[in-house]
Amino acid sequence: MALSEAAALADHFVFRLMVSLYWLPDRPVPGQNADGGFYERKRLLADFAARASPTKAFRDGKRVPYTKYLVFSALAADTRAGHCVALMDGGCAIYPQRPLACRTVPLHYSRGDHSAASDLAAFVASPGYRCDTSDTAPVLIDNGRIVDEPVATARHQARQVALNDRRWSTAIARQVGNPAAADLALPTIAELQASAGAGAMTTTMAPAWRVAVDIGLMTPGDYQALLARQLALLGREIATADCPPTTRETLLAMHTEYQRLRENR
């Protein structure tokens, strides 16, 4: 979710700050962009990234211009062994407040229109998902375009939220690799590059909230209130039988950290 969405939903989800690093060549790679989505991916990364940095990488023995995109988002911790904590009695308990990530299911806003058809097919084929594929079901995609108005609107809103959060995410990005901000416990670029996949790591939300206070987006009281809301939720989730053991360890560490931050205010 977006950072601002997570702050608004801190009573419902335990959040981790996700720090992601994406690499994209400045120009399409011949033979590797058959889906036509290169420029759409580039535009989406530019919309959601807190920082874009030029770099070079070896390809076919040559140094080729690339851009590194640093993206911050909030990840709801998987505290219920694979199902959403807001799912109750077969429905969403926070449906009017549900985040944009849910409003765009099955066509998440971070994915381009070029992949919509394959994303939808994969979603429909997922075991346990009750998808209406009858002739009377709403049409989501027509001739490669997302035509479902609620989904299309939510995807547009998500980009607007990212732009509204840009000052916040940019301020966090300035602390990545800053020796003076070592106490924020943000991963370094080197650590991100060494991590698996696209380069993503998580930490607690405390660094993001502290930065928000520093730049005037939150008051110290807001910060303390978020810690208190997450502490209450952490306590409930730790006590839940469905919480996987490895997740419980992470939640216990977060509880200890947030309690310390509350006591040292």
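This is a predicted model: local features need pLDDT of at least 70, side-chain atom pairs count only at pLDDT 80 or more; totals for chains, interfaces and linings use all residues.

Visitor: What is the order of the strands in the open sheet?
Guide: The order is β2-β3-β1-β8, with four strands paired in the antiparallel sense.

Visitor: Which strands stand at the edges?
Guide: Those are β2, residues 51–59, and β8, residues 200–204. Each has a single partner strand, so one side of each is left without a neighbour in the sheet.

Visitor: And by how many degrees are neighbouring strands turned against each other?
Guide: On average, neighbouring strands of this sheet are turned by 30 degrees, direction ignored.

Visitor: How many bridges join β2 and β3?
Guide: Nine bridges join β2 to β3, which covers residues 62–76. Within this pair, R51 stands opposite L70 of β3.

Visitor: Which helix touches β2 and β3?
Guide: Helix α6, residues 166–175, packs on the sheet there, and its direction makes about 115 degrees with that of β3. Another helix, α10, spans residues 245–263 and lies across β1 and β8. Helix α10 runs at about 110 degrees to β1, which comprises residues 15–25.

Visitor: A change of topic: how many cavities of 30 Å³ or more does the structure hold?
Guide: The structure holds one. The largest cavity contains about 30 Å³ of space.

Visitor: Which residues line the largest cavity?
Guide: The lining consists of H12, F13, V14, A77, T79, V85, L233 and E237.

Visitor: How many of the lining residues are nonpolar, polar or charged?
Guide: Five are nonpolar, two are polar and one is charged.

Terms used:
Residues are numbered from 1 along each chain as its sequence is written. Side-chain values use heavy atoms; hydrogens and water are left out. Two strands pair if DSSP finds at least two bridges between them. Helices (H or I, at least four residues) and strands (E, at least two) are DSSP runs, numbered from the N terminus. Axes are lines fitted to C-alpha atoms, for helices over the stretch in contact, and angles run from 0 to 180 degrees between N-to-C directions. Contact means heavy atoms within 4.5 Å. On a 1 Å grid over the protein atoms alone, a cavity is a set of points where a 1.4 Å probe fits but cannot get out, and a pocket is an open set with protein on both sides within 12 Å along at least five of seven lines; lining residues have an atom within 4 Å of a point. Grid points are joined across faces, edges and corners, and a volume is the space filled by probe spheres set on the points. Ala, Val, Leu, Ile, Met, Phe, Trp, Tyr, Cys and Pro count as nonpolar, Asp, Glu, Lys and Arg as charged, and the others, Gly among them, as polar.
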